[in-house]
Amino acid sequence: MASKHHSEGVSSESPDGKKKKIVRVWVDGCYDMVHFGHANSLRQAKAMGDYLMVGVHSDEEVTRHKGPPVMEEAERYKMVRAIKWVDEVIEDAPYITTLETLDKYNADFCAHGDDITCDENGLDTYRIVKGAGRYKEFPRTAGVSTTDLVGRMLLMTKTHHTHGDDENGLQSEVGNFQSGVAAGGVPKSPYTGVCQFLPTTQKIIQFSEGRLPKPGEKIVYCAGAFDLFHVGYVDFLEKVSKLGEFVIVGLHTDQVVNRYKGGNYPIMNLHERVLSVLACRYVAEVVIGAPYKIDASLLDHFKVDIVCHGTTSIMADVDGADPYEEPKKRGIFKIVRSGNDLTTAKIVQRIIKHRLEFEERNKKKEAKELRVIEALERRRSQSVEDA
């Protein structure tokens with residue numbers, strides 16, 4: 001079948017006045033429980049071209065090749081659309097990427113991270129486009145995966161937002177993973193399991209819009225945990241963005257979130273939550289470690305016009321005061337109804353309800369990855385011997 005993608009790309013005008021072909025990039029995936037690792041992969045893929053198309057697999061495809069997803073397909077489609085580097089979402093994309101799919105959407109090439117993705121038979125899902133030379137790779141974001149997040153909820157521990165005496169325990173766990181061996185000496189896949197996320201200023205810069213409010217733009221502020229950034233938050237922030245042109249999200253520290261959420265919350269630590277929120281197309285700026293009480297100094301510093309909160313209950317500050325007292329006094333406080341009742345707690349309940357299914361899914365995924373890794377190692381060894 002003749003490829004048409006090279007001749008049908010839309011052109012744009014370059015700074016020197018010459019016509020420049022728009023490079024169309026294709027990526028695909030499950031995008032289950034979308035996190036900053038997914039967002040970073042899409043950021044890197046977009047940087048490889050001009051127009052980013054994201055194929056998202058249906059529930060049926062994900063279940064057949066990988067196991068049951070945590071989030072339903074409609075939720076996953078909406079989450080990917082909310083990531084600011086995405087230009088187009090293709091629903092019900094095939095799990096195995098073919099040349100026909102790339103040609104259908106006039107994609108120049110397919111991009112993916114440097115981790116391993118296998119189909120139901122344990123074969124590389126990108127083998128066809130790799131063989132045709134229409135595949136490019138970028139580094140996988142270390143320190144987070146959907147499998148890891150599911151594991152955090154199943155373990156119900158606080159080591160993912162370590163502070164104080166827990167630090168040594170986490171370092172031990174991370175050390176086991178980085179050595180490639182789990183407890184009991186069992187080999188582990190480097191793509192499935194717990195790994196430490198190391199936040200850097202460079203990563204924040206890459207995710208940040210880096211712009212200031214323009215004169216006349218209405219500034220809207222909202223604060224919270226925004227833990228396991230999900231479609232409920234997307235619907236809320238989309239409604240918030242209609243109230244002004246510059247949305248600032250204040251993210252509370254792990255300790256503050258744990259005070260009003262309890263249990264093992266937040267599931268994601270502050271640095272992880274910062275990147276997840278920054279990736280949302282409705283957010284212009286994030287306040288890292290925002291104060292729980294919204295006082296006059298915060299409102300004046302950011303020149304806030306409107307302060308929003310969702311329909312969830314508001315816990316009093318440590319001194320018993322209403323954290324929204326000042327914006328209410330100024331008449332700028334507004335309750336925003338997202339129209340979506342999904343919460344982080346409900347996602348945790350989904351995981352716990354289907355605990356055995358997810359544990360089995362993770363075991364199968366890791367086993368397939370290990371088989372591929374072993375096969376690659378054998379091939380490399382053979383090549384060395386032949387040389």
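Which way does helix 3 pass helix 9, in a left-handed or a right-handed crossing? Keep that in mind; point 2 has the answer.

1. **Ground rules and overview.** This is a predicted model, so to speak of local features we need pLDDT of at least 70, while side-chain atom pairs count only at pLDDT 80 or more, and totals for chains, interfaces and linings use all residues. Residues are numbered from 1 along each chain as its sequence is written, and side-chain values use heavy atoms, with hydrogens and water left out. The protein chain has 15 helices and twelve strands; helices (H or I, at least four residues) and strands (E, at least two) are DSSP runs, numbered from the N terminus. Of the 387 residues in the protein chain, 49% are buried. Buried means under 20% relative accessible area, exposed means over 50%, and partly exposed is in between (1.4 Å probe, protein chains only). Look at the contacts with a separation of 6 or more: 77% of them are between residues 24 or more positions apart. Contact here means heavy atoms within 4.5 Å.

2. **Helix 3 against helix 9.** Back to the opening question: helix 3 passes helix 9 in a left-handed crossing. A crossing is called left-handed if the near helix is turned anticlockwise from the far one by less than a right angle, and right-handed if clockwise. The axes of helix 3 (residues 73–81) and helix 9 (residues 231–241) come within 9 Å and cross at roughly 50°, which makes helix 3 oblique to helix 9. For the angle words, under 35 degrees is roughly parallel, over 145 roughly antiparallel, 65 to 115 roughly perpendicular, and the rest oblique. The axes themselves are lines fitted to C-alpha atoms, for helices over the stretch in contact, with angles from 0 to 180 degrees between N-to-C directions.

3. Set aside its neighbours within four places in sequence, and Lys239 is in contact with Val336, Arg337, Ser338 and Gly339. Take Arg337: Lys239 and Arg337 are 98 residues apart in sequence, yet 7.9 Å apart in space, C-alpha to C-alpha.

4. Five strands, in the order 10-9-8-11-12, form an open sheet with parallel pairing. Its edge strands are strand 10 (285–288) and strand 12 (333–335), each pairing on one side only. From one strand to the next, the twist averages 25°. Two strands pair if DSSP finds at least two bridges between them; strand 11 (residues 306–309) and strand 12 have three, in the parallel sense. Opposite His309 you'll find Ile335 in strand 12.

5. **A covered strand.** Strand 3 (residues 24–29) is mostly covered, with six of its six residues buried. In a regular strand, side chains alternate between the two faces of the sheet. Here both faces are covered: Arg24, Trp26 and Asp28 are buried on one side, and Val25, Val27 and Gly29 on the other. Strand 3 runs parallel to strand 4 (residues 51–56), joined by six bridges, and Gly29 has Val56 as its bridge partner there.

6. Most residues other than glycine have a negative phi, and most peptide bonds are trans. Asn106 is not a glycine but has a positive phi of about 55°. Asn106 sits in the loop between helix 4 (99–104) and strand 6 (109–113), and is buried at 11% relative accessible area. Lys303, also not a glycine, has a positive phi of about 55°. Lys303 is in the loop between helix 12 (296–301) and strand 11, but counts as exposed, at 60% relative accessibility. Then there's the peptide bond from Tyr265 to Pro266, which is cis, with omega near 0°. Pro266 belongs to the loop between helix 10 (254–261) and helix 11 (270–278).

7. **Cysteines.** How many disulfides are there? Zero, by the rule used here: a disulfide is a pair of cysteine sulfur atoms within 2.5 Å. The sulfur of Cys280 is 9.8 Å from the closest cysteine sulfur, in Cys222, so that is too far for a bond. Cys280 is buried at 1% relative accessibility, and Cys30 counts as buried at 10%.
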